[in-house]
Amino acid sequence: EPCLPDKPTAEVVDTPMLSFVEGAPRGTVTVEGDVDPTGRVVKTKITSNTTGSEAAAAVARSELERMRFAPPVRRCQPVRFIYVYTRNF
């Protein structure tokens, strides 16, 4: 089987439709996602939430968890990586 060529960056291959929170305060939520070599988000962490809304943070986390990626490739193997998702409300 041929070796995958090295690829230094990840690509988003599936982005879910954005969700909205009725009456949520304005601001930004930033979520870090640990993405495994298959391109699935396996762990998330809210790193910033200027909205002050737990509902907005939950929406941003859920959107990131539904995303799918083509991970970077090193030495013929896809590798895990951290993706930072910023969502404005």
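Helices (H or I, at least four residues) and strands (E, at least two) are taken here as DSSP runs and numbered from the N terminus. The model is a predicted one, in which local features need pLDDT of at least 70 and side-chain atom pairs count only at pLDDT 80 or more, while totals for chains, interfaces and linings use all residues. Residues are numbered from 1 along each chain as its sequence is written, and side-chain values use heavy atoms, with hydrogens and water left out.

Two strands pair if DSSP finds at least two bridges between them. Three strands form an open, antiparallel sheet in the order β3-β2-β7. Because β3 and β7 stand at the edges with a single partner strand each, one side of each has no neighbour in the sheet. From one strand to the next the twist averages 25°; axes are lines fitted to C-alpha atoms, for helices over the stretch in contact, and angles run from 0 to 180 degrees between N-to-C directions.

The pairing of β2 with β3 is antiparallel and runs over seven bridges. Glu 32 has Lys 45 of β3 as its bridge partner, and Thr 30 has Ser 48 of β3. Five residues lie between the strands in the hairpin of β2 and β3, where Gly 39 takes a positive phi near 95°. With β7, β2 pairs in the antiparallel sense over eight bridges, and here Val 29 has Arg 87 of β7 as its bridge partner.

How much of β2 is covered? Six of its eight residues are buried, so the strand is mostly covered; buried means under 20% relative accessible area, exposed over 50%, and partly exposed in between (1.4 Å probe, protein chains only). Thr 30, found in strand β2 (residues 28–35), counts as buried because its relative accessible area is 14%. Contact means heavy atoms within 4.5 Å. Leaving aside neighbours within four places in sequence, Thr 30 is in contact with Lys 45, Ile 46, Thr 47, Ser 48, Val 84, Tyr 85 and Thr 86.

The helix α1 packs on the sheet and touches β2, β3 and β7; its direction makes about 145° with that of β3. In soluble globular proteins, nonpolar side chains tend to be buried together. A nonpolar core is a set of buried Ala, Val, Leu, Ile, Met, Phe, Trp, Tyr and Cys residues joined through side-chain atoms within 4.5 Å. The largest such core here has 14 residues, of which Val 29, Leu 64 and Phe 69 touch the most other members. At least two residues of this core come from each of β2, α1 (54–66) and β7 (81–88), and the largest share, five residues, comes from α1. Not counting residues up to four places away in sequence, Val 29 touches a list of residues including Ile 46, Ala 56, Ala 57, Ala 60, Tyr 85 and Phe 89.

Thr 51 is also among the residues that Val 29 touches. Thr 51 lies in the loop between β3 (41–49) and α1 and counts as buried because its relative accessibility is 7%. Its C-alpha atom is separated by 6.1 Å from that of Thr 28, 23 residues apart along the chain.

The last feature is a covalent link. A disulfide is a pair of cysteine sulfur atoms within 2.5 Å, and a search of the whole structure finds one. It joins Cys 3 to Cys 76, with an S to S distance of 1.5 Å, and is left-handed, with -100° about the S-S bond. The pair links distant parts of the chain, 73 residues apart: Cys 3 is in the segment before β1 (11–14), and Cys 76 is in the loop between β5 (73–74) and β6 (77–78). Cys 3 is partly exposed because its relative accessible area is 45%, and Cys 76 is partly exposed because its value is 27%.

Most residues other than glycine have a negative phi. Phi of Cys 76 is positive, near 75°, and phi of Arg 75 is positive, near 50°. Arg 75 is placed in the loop between β5 and β6 and counts as exposed because its relative accessibility is 72%.
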